[in-house]
Amino acid sequence: MGSFASPLDATPAPPSAKPSPPPAANGAVTQEELKRVAAHRAVEMVESGMTLGLGTGSTAAHALDRLGELLRSGELTGVAGVPTSLKTEAHAARVGIPMLSLGEAAAVGGGIDLSIDGADEVDPELNLVKGRGGSLLREKMIEGSGGRFVVIVDESKLVPRLGCTGAVPVEVVPFGCDHTLGLVRKVFDGLPGFTARLRTVVSKDGEGKEKKEVPFVTDNGNYIVEMFFEDGIRGDLNEISDRLLRITGVVEHGMFLGMATSVVVAKKDGTVALLHKKK
């Protein structure tokens, strides 16, 4: 993706006290190790006394673990976090990160200083697709509330256009969800290769046996519509965002446009790059 850096200022990350991850048995660095490297580098931006937005997902989990280590060792003090999901809330409690609600963060500490989270996709303008895990609404509320938003990814998440690698989620209210799904489809009416569906999961009975497919339910009690594009989303992303958000029944979508301050990218060779928007 040689063109990826064209609209961005890309700089090597400063030297880290943490060594590069060990190679896998075949000499390659695993994706999980890349996630850990990116997360640890982002945590180096955290200072004592900060209020943090705590992201959700497998990459953000590494950041939570590292924050817990630094708090327990005393290298960081006075740090509190606002979790973007119930899963993150439980993880943060487990590793000893003090927590605040979004309202408490605004009232007590003047708001969030820094949010750290992963992303499903990052385009050349640092627009993101997030929320394939279902936490997009709380993520957008917290990470868009102010302060810096640092995104942590491995280089497989860099894409030429949003929607290239999988679902773009849209959170919708359960009432009339089939009707809302139809309205979402109309936004992209006639677009070749476009499909949209309600995300489902297989429910289980009390004995752990699979029963039937039911709608996936977010932490907010809503459903998720998944949009799929044959070759990514083409056109004005802000206009598409507005059209989706004007649909009664749509709560929020997973395109995070113009929100990321910088992106920490862990590369396959074990090095890390920082991508910044041009000022």
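**Figure 1. Packing of helix 1 against helix 2.** In this predicted model, helix 1 (residues 31–43) packs against helix 2 (residues 58–73) with the two axes 8 Å apart and at an angle of about 50°, which means that helix 1 lies oblique to helix 2. The crossing in which helix 1 passes helix 2 is right-handed.

**Figure 2. Residues at the contact of helix 1 with helix 2.** From helix 1, the residues Glu-32, Lys-35, Arg-36, Ala-39, His-40 and Val-43 take part, and they meet Ser-58, Thr-59, His-62, Ala-63, Arg-66, Leu-67 and Leu-70 of helix 2. Sorted by class, this contact of helix 1 with helix 2 comprises five nonpolar, four polar and four charged residues.

**Figure 3. The loop that holds Leu-126.** Leu-126 is placed in the loop that runs between strand 5 (121–122) and strand 6 (128–129). Although Leu-126 is not a glycine, its phi is positive, at about 65°. Most residues other than glycine have a negative phi. Leu-126 counts as buried because its relative accessibility is 0%, where the cut-off for buried is under 20%.

**Figure 4. The whole chain, as context for the close-up views.** Seven helices and 16 strands are found in the chain, and 51% of its 279 residues are buried. Of the contacts in the chain between residues at least 6 apart in sequence, 74% join residues that are at least 24 apart. The chain has an accessible surface of about 13200 Å², and carbon and sulfur atoms account for 52% of that surface.

Conventions
Residues numbered from 1 in each chain as written. Predicted model: local features only at pLDDT ≥ 70, side-chain atom pairs only at ≥ 80, totals over all residues. Heavy atoms only, no water. Helix = DSSP H or I, 4+ residues; strand = E, 2+ residues; numbered from the N terminus. Buried < 20%, exposed > 50% of the residue type's maximum accessible area, 1.4 Å probe, protein only. Contact = heavy atoms within 4.5 Å. Areas by Shrake-Rupley, 256 points an atom, 1.4 Å probe, with all protein chains shown as cover. Axes fitted to C-alpha atoms, helices over the stretch in contact; angles between N-to-C directions. Parallel < 35°, antiparallel > 145°, perpendicular 65-115°, else oblique. Left-handed = near helix turned anticlockwise from the far one by under 90°. Nonpolar A, V, L, I, M, F, W, Y, C, P; charged D, E, K, R; others polar.
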